[in-house]
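Subject: Structure handover

Hello,

Here is the structure you were going to look at. My notes on it come after it.

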Amino acid sequence: MTLANNENSQVALRPFDFECYGVKIRLDGNDQRVIDEAELVTRKALLNDIRPPTTENFDTTFTFTRDATGTIFLSHDCELIEYGDVPEYFFNHFNSLIRVAVAERAVDRLFIHAGAVGWKGKAIILPGTSFVGKSTLVAELVRNGAVYYSDDYAIFDREGLLYPFPRTLSMRADDENYTRFELTPSSLGGMIGTEPIAVGMVLLTEYKPDAKWEPQSLTAGSGALEMVPFTFSFVNRPDFSLGVLNNILSRAIIVSSQRGSADNFAKTLLDFVDKHVN
Amino acid sequence: MNNPNNTQNPMARHNGLVVQEMPDEVLVYDMDTNKAHCLNQSAAFVWKSCDGNNTVGDIVRQFEANGNGKVTEDFVWLAIDQLNENGLMDSKIAPRFEGQSRRQVLKTIGLASMVALPVIASLVAPQKALGSVSCTCTATCPPTGCPTTICLAGVCQ
């Protein structure tokens, strides 16, 4: 990816304003090409589920400033948060930042850092940070017939129902650089969820080589406590977040265990769900 | 056990807290300390009973009358001590079991009780992911605030 300098700096700059899940965001800056690239990244990051803002009272603003050397500086609400001179890396990171910005402020929706699939009409939720194997396990569950909802951000309404956020699965190769690559659900032979569904199981797990599946049941309260670190809007809106967590967890089983490799574990998990989730 | 606080009427804190009832438990988020607490049924009952009017003896009687099982005043004090340690009490409470290890206390009260001991689990809630942190890196990443803590190609990605 390369970004040429603006050829005509006299042309008025056009910010990109949009609304997503009720959050009104402005992307502006001193270089139209950078703003345009940021718009493309934003549309992809948010599955193009955006619309023009209803007002110009923005909840948050990202400002891109490109200097004479080509380095791009990114400020979030006037605070410098990022800079870089390799656009590919810079915008990869921005892809995450723009989703976080929406996740932290979404109106009437709760975003949880989690993979999510549907199985026989109920959702299996896999909360966790990056690098615990969420996407790998989600991919393997989809290969085994589960319906794809999300590999990274699980989205819930006030009642605790899960909604699809079916980005292409963001995988990492098992090499020294954890090289990223993407998978589509269809390449896994899977289907994408379209309807909101209730959660049947929350699984707190991470991959460890040679780990055994030793499921421990958690209470709803303990499960909620475990999920707080993965709940984006928790500090902004604790009352809303706790209410949704209660609605999710009071109807689900909550299980904790380490797991071994996803290809062996996926079928074990689905069998477990068949036995323990109505 | 001698109890210098027997005459106190413990008072639970309510300001600055967000409370969520869960099945059999109560979740409390302390906006001042940014900590979330999960109170099990025993701890939650004692906390709710600390209204500034009830004595510890009153709470014992209410606990039993509620069908939760037979408990001692030490049982209630164990809950109050934990609530106090976690900043969930309004009134200043002198530690009841000072000088004793938690293990000793739990053993003493646990052996005398058929009821689940009061337990409070806590964690610090993460701050906003989008803060003033820079996520560019040379080798290491900050523990929070970036998409990951792994530095790849100059970015915590």
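Strands (E, at least two residues) and helices (H or I, at least four) are DSSP runs, numbered from the N terminus. The model is predicted: local features need pLDDT of at least 70 and side-chain atom pairs count only at pLDDT 80 or more, while totals for chains, interfaces and linings use all residues. Residues are numbered from 1 along each chain as its sequence is written, and chains are lettered from A and ligands numbered from 1 in the order in which they are written.

A residue is buried with 20 or more other C-beta atoms within 10 Å of its own, exposed with 12 or fewer, and partly exposed in between, with C-beta atoms placed from the backbone. Leaving out residues up to four places away in sequence, A:Thr168 touches A:Glu182, A:Leu183 and A:Thr184. Contact here means C-beta atoms, placed from the backbone, within 7 Å.

Next, helix H1 of chain A, residues 32-45. Its 14 residues should span 20 Å at 1.5 Å a residue, and the end C-alpha atoms are 20 Å apart, so the two agree. The expected span is 1.5 Å times one less than the number of residues. The buried residues of H1(A) are A:Val34, A:Ile35, A:Glu37, A:Ala38, A:Thr42 and A:Ala45. Seen down the axis, they fall within an arc of 160 degrees, so they line one face of the helix; the arc is that of the directions from the helix axis to the C-beta atoms. These residues pack against strands E1 (16-20), E2 (23-29), E3 (60-66) and E4 (72-76) and helix H2 (87-105) of chain A. Just after H1(A), A:Leu47 has a positive phi of about 55 degrees.

In chain B, helix H1 (residues 41-49) is mostly covered, with seven of its nine residues buried. Among them are B:Phe45 and B:Trp47. The buried residues of H1(B) pack against several elements of chain B, including helix H2 (56-65) and helix H3 (73-85).

Last, the domains. Chain A is assigned domain 1 (16-105) and domain 2 (110-276), with bounds from an automatic or database domain assignment. Taken over C-alpha atoms, their centres are 27 Å apart. Six residues from domain 1 and seven residues from domain 2 take part in the contact.

Regards

Note on methods. Two residues are in contact if their C-beta atoms, placed from the backbone, lie within 7 Å.
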